[in-house]
Amino acid sequence: MLTFYQQAFEKLKLSPAQSWPESTYFRAPYKPFMLLAVSDLIATGTITHNFIEYSDLLLETFDRYWQMLFDSTKLANPIQPFFYLRSEGFWHLQAQPGMEQRLAATTDIKTIGQLKQLVVGAKLDQALFDLLQQPFAREQLRQSLIQPYFMRELQPALATIGQMNTAIFSYADLLVEHSQRTFREIPAIDTPYLVEVRSSAFRRVVVPNYDYCCAICGIRIITPEGRSAVEAAHIIPWSKSYNDDPRNGVSLCGLHHWLFDQGLLTITPNYQIQISRLVAEQPAANQAVLMFAQQPIQLPQQKQLYPNQIALDWHNQHVYRR
Ligand SMILES: [Zn+2]
């Protein structure tokens, strides 16, 4: 069975075009990246049964492969491989109830809205899923997704991305575990992990607590592919606290993250927004920021994940410019 699926992976139908890089032999790398991402989610125990959802985790794991090749200059639409893998025989889209015929007749899906209307997720052939759960077979299958589609010089980097994806999951688990203990003002989590592993895991545990909204303005913008605009901000900066405890984090949009880091905005220990008079002294265009003064922030649903009082107090004292 392993050989059968290795061969299937080595014969994926990829669209050729001169606009793709030479390192992918001028072919679209969507499908190998999607399958590598799925394999990472299985390896980390995120996908434990044979059902693959188009989730934030899948999108983020896929994007990490993509960015290795294209950095941030070219954005992928991972919905396309999620949909088009159905032509490979081992990937079975599961229709929303009553949508079976419409899904069968649909030839293209571009946005998360269209996808969710028709599809609940995908299943693999059960035999393939079983193989992907075994470390040895999974590694063989990964090689079948790498060797035929990427030039030799890219292959070590692809292996590193796989390891990084796994490390992010373990670090995120560690952070969740920490959030159930006493919060410490002094460095809490000293970690050998790379900056990117740390910040990705931190974002992953903080932002969903706020339902992908900015805690200040409530903005929640999702792109058609499912990417969200908000960031995880450290309340006591990492450089001072080495503390990625989720309660040392708050979900903020780009503008409010910047104002928070600059000390032009703070959150009091009773979760109220304060805006520095340095903003108030500036022209009336700043009304869009000032309107949130004295308002309560949007808090996570679970009380134990609220921003920590010690951390907020520290930000009020050391970062905020009154
Ligand atoms: Zn905001």
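The legends below accompany several close-up views of a predicted model.

Figure 1. The predicted chain contains 15 helices and 6 strands, and its C-alpha atoms fill a box of roughly 65 × 40 × 40 Å along the principal axes. Of the 322 residues in the chain, 50% are buried. Among contacts between residues at least 6 apart in sequence, 71% join residues that are at least 24 apart. The domain assignment gives domain 1 as residues 2–168 and domain 2 as residues 205–318, and the centres of these two domains, taken over C-alpha atoms, are separated by 34 Å.

**Figure 2. The contact between domain 1 and domain 2.** Here 12 residues of domain 1 are in contact with 6 residues of domain 2, and the area buried between the two domains is about 650 Å², with carbon and sulfur atoms giving 48% of that area. Asp56, Leu59 and Ile112 supply 51% of the area that domain 1 buries against domain 2, which is more than any other three residues supply. Between the domains there are 5 residue pairs in polar contact, counted where both residues have pLDDT 80 or more. Helix H3 (residues 56–70) contributes 3 residues to the side of domain 1 that touches domain 2, the largest share, and the residues of that side divide into 7 nonpolar, 2 polar and 3 charged. The count of salt bridges between domain 1 and domain 2 is 1. In a salt bridge shown in this view, the side chains of Asp63 and Arg227 meet with an N to O distance of 2.8 Å.

Figure 3. A search of the whole structure finds 14 salt bridges, among them the pair Glu88 and Lys13, whose side chains meet at 3.8 Å, N to O. Glu88 lies in the loop between helix H4 (79–84) and strand S1 (91–95), whereas Lys13 lies in the loop between helix H1 (2–10) and helix H2 (30–43), so this pair ties together parts that are 75 residues apart in sequence. Glu88 counts as buried at 12% relative accessibility, while Lys13 counts as exposed at 51%. In another salt bridge, the side chains of Arg142 and Asp40 meet at 2.7 Å, N to O. Because Arg142 lies in helix H8 (residues 135–146) and Asp40 in helix H2, the pair ties together parts that are 102 residues apart in sequence, and both Arg142 and Asp40 are buried.

Figure 4. Glu60 forms a salt bridge with Arg64, and the closest N and O atoms are 3.3 Å apart. The two residues are 4 residues apart in helix H3 and are therefore separated by about one helical turn. Arg64 is buried, with a relative accessible area of 6%. Glu60 and Arg64, together with Glu196 and Arg204, are linked in a network of salt bridges.

Figure 5. Thr106 is found in the loop between helix H5 (100–105) and helix H6 (112–118), and is buried with a relative accessible area of 16%. A polar atom of the Thr106 side chain lies 2.6 Å from the backbone oxygen of Arg102. With neighbours within four places in sequence left aside, Thr106 is in contact with Phe83, Arg86 and Leu118. Ser276 lies in the loop between strand S6 (273–275) and helix H13 (277–280), and its relative accessible area is 0%, so Ser276 is buried. A polar atom of the Ser276 side chain lies 2.5 Å from the backbone oxygen of Arg321. Apart from neighbours within four places in sequence, the contacts of Ser276 are with Gly263, Leu264, Tyr320, Arg321 and Arg322.

**Figure 6. Two loop residues with positive phi.** Most residues other than glycine have a negative phi. Tyr212, however, has a positive phi near 65°; Tyr212 is placed in the loop between helix H10 (195–206) and strand S3 (231–234), and is buried with a relative accessible area of 16%. Gln294 likewise has a positive phi, of about 70°, although it is not a glycine. Gln294 lies in the loop between helix H14 (287–290) and helix H15 (309–318), and counts as partly exposed at 47% relative accessibility.

Notes:
Residues are numbered from 1 along each chain as its sequence is written. Side-chain values use heavy atoms; hydrogens and water are left out. Domain bounds come from an automatic or database domain assignment. Contact means heavy atoms within 4.5 Å. Buried area is the accessible area (1.4 Å probe) that two parts lose on being put together, summed over both. A salt bridge is a side-chain nitrogen of Lys or Arg within 4 Å of a carboxyl oxygen of Asp or Glu. A polar contact is a pair of N or O atoms within 3.5 Å; within protein, one must be able to donate a hydrogen and the other to accept it, and residues adjacent in sequence count only if both atoms are side-chain atoms. Ala, Val, Leu, Ile, Met, Phe, Trp, Tyr, Cys and Pro count as nonpolar, Asp, Glu, Lys and Arg as charged, and the others, Gly among them, as polar. Buried means under 20% relative accessible area, exposed over 50%, partly exposed in between (1.4 Å probe, protein chains only).
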